[in-house]
Amino acid sequence: MKGPYKGKFKVTQEFKGSAHDGLDLVGLTDKKIYSTVNGTVERAGWENSQNKKQGFGLYVRIKQSDSVDRYYFGHLSEIAVKTGQTVKAGDLLGTEGSTGNSTGSHCHYCVRGNAS
């Protein structure tokens with residue numbers, strides 16, 4: 001699987017439909033998170049700045065070029081991109097973390113067909 005890490009990583013939680021809509025990934029050799037697609041950063045920040053323990057915490061959402069798909073990178077400890085920025089696959093997005101509703105350092109990685 002091609003993932004948002006340049007080094008080795010492991011899947012710690014698999015896709016379970018609406019119960020867990022993506023993959024939880026943990027970097028084994030590096031914690032940096034990279035874009036897996038070409039697109040535009042639609043969101044880069046807290047999912048809910050009023051309650052930082054909610055949802056994805058610090059996250060990046062990218063709308064893939066020429067597609068309706070959105071790629072989510074959640075629970076980051078740092079973000080290296082800004083909303084509106086154009087990114088290419090392989091560009092640095094941030095660093096894995098444990099923000100939001102999280103029990104340990106990882107990246108929640110998922111794809112949705114809309115901005116929900």
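Here are legends for a handful of close-up views of this predicted model.

Before you zoom in, note that residues are numbered from 1 along each chain as its sequence is written, and that side-chain values use heavy atoms, with hydrogens and water left out. Because the model is predicted, local features need pLDDT of at least 70 and side-chain atom pairs count only at pLDDT 80 or more, while totals for chains, interfaces and linings use all residues.

**View 1**
Let's start with strand S6, residues 70-76. Helices (H or I, at least four residues) and strands (E, at least two) are DSSP runs, numbered from the N terminus. Seven of the seven residues of S6 are buried, so this strand is largely enclosed by the rest of the structure. Buried here means under 20% relative accessible area, exposed means over 50%, and partly exposed is in between (1.4 Å probe, protein chains only). Strand S5 (residues 58-64) runs antiparallel to S6, and five bridges join them; two strands pair if DSSP finds at least two bridges between them. Look for Val60, which stands opposite Phe73 in S6. S6 is also joined by five bridges to S10 (residues 107-112), again antiparallel, and there Gly74 has His108 as its bridge partner. As background, strands of a sheet pair through backbone hydrogen bonds, either parallel or antiparallel.

Most residues other than glycine have a negative phi. Asp66 has a positive one, near 55 degrees. You'll find Asp66 in the loop between S5 and S6, a hairpin with five residues between the strands. Is Asp66 buried or exposed? At 84% relative accessibility, Asp66 counts as exposed. His75 also has a positive phi, near 70 degrees, but its place is in strand S6. His75 is buried, with a relative accessible area of 5%.

**View 1. The open sheet S3-S9-S7.**
Three strands make up this open sheet, in the order S3-S9-S7, with antiparallel pairing. Strands S3 (32-34) and S7 (78-79) are the edge strands: each pairs on one side only. Two bridges join S7 to S9 (residues 92-95). Which residue in S9 is the bridge partner of Ile79? That's Gly94.

The structure holds six aromatic pairs. Rings of Phe, Tyr and Trp (its six-membered ring) pair if their centres lie within 6.5 Å; planes under 30 degrees apart count as stacked, over 60 as edge-to-face and the rest as tilted. Tyr5 and Phe9 have ring centres 5.4 Å apart and planes at 25 degrees, so this pair is stacked. Tyr5 is buried, with a relative accessible area of 6%. Tyr59 and Tyr72 are stacked too, because their ring centres are 6.1 Å apart and their planes sit at 5 degrees. Tyr59 lies in S5 and Tyr72 in S6, so the pair ties together parts that are 13 residues apart in sequence.

**View 2. Charges over ring faces.**
A charge sits over a ring if NZ of Lys or CZ of Arg is within 6 Å of the ring centre and within 35 degrees of the ring normal. Arg112 lies over the face of Tyr72, at 4.6 Å from the ring centre. Lys6 lies over the face of Tyr34, at 4.4 Å from the ring centre.
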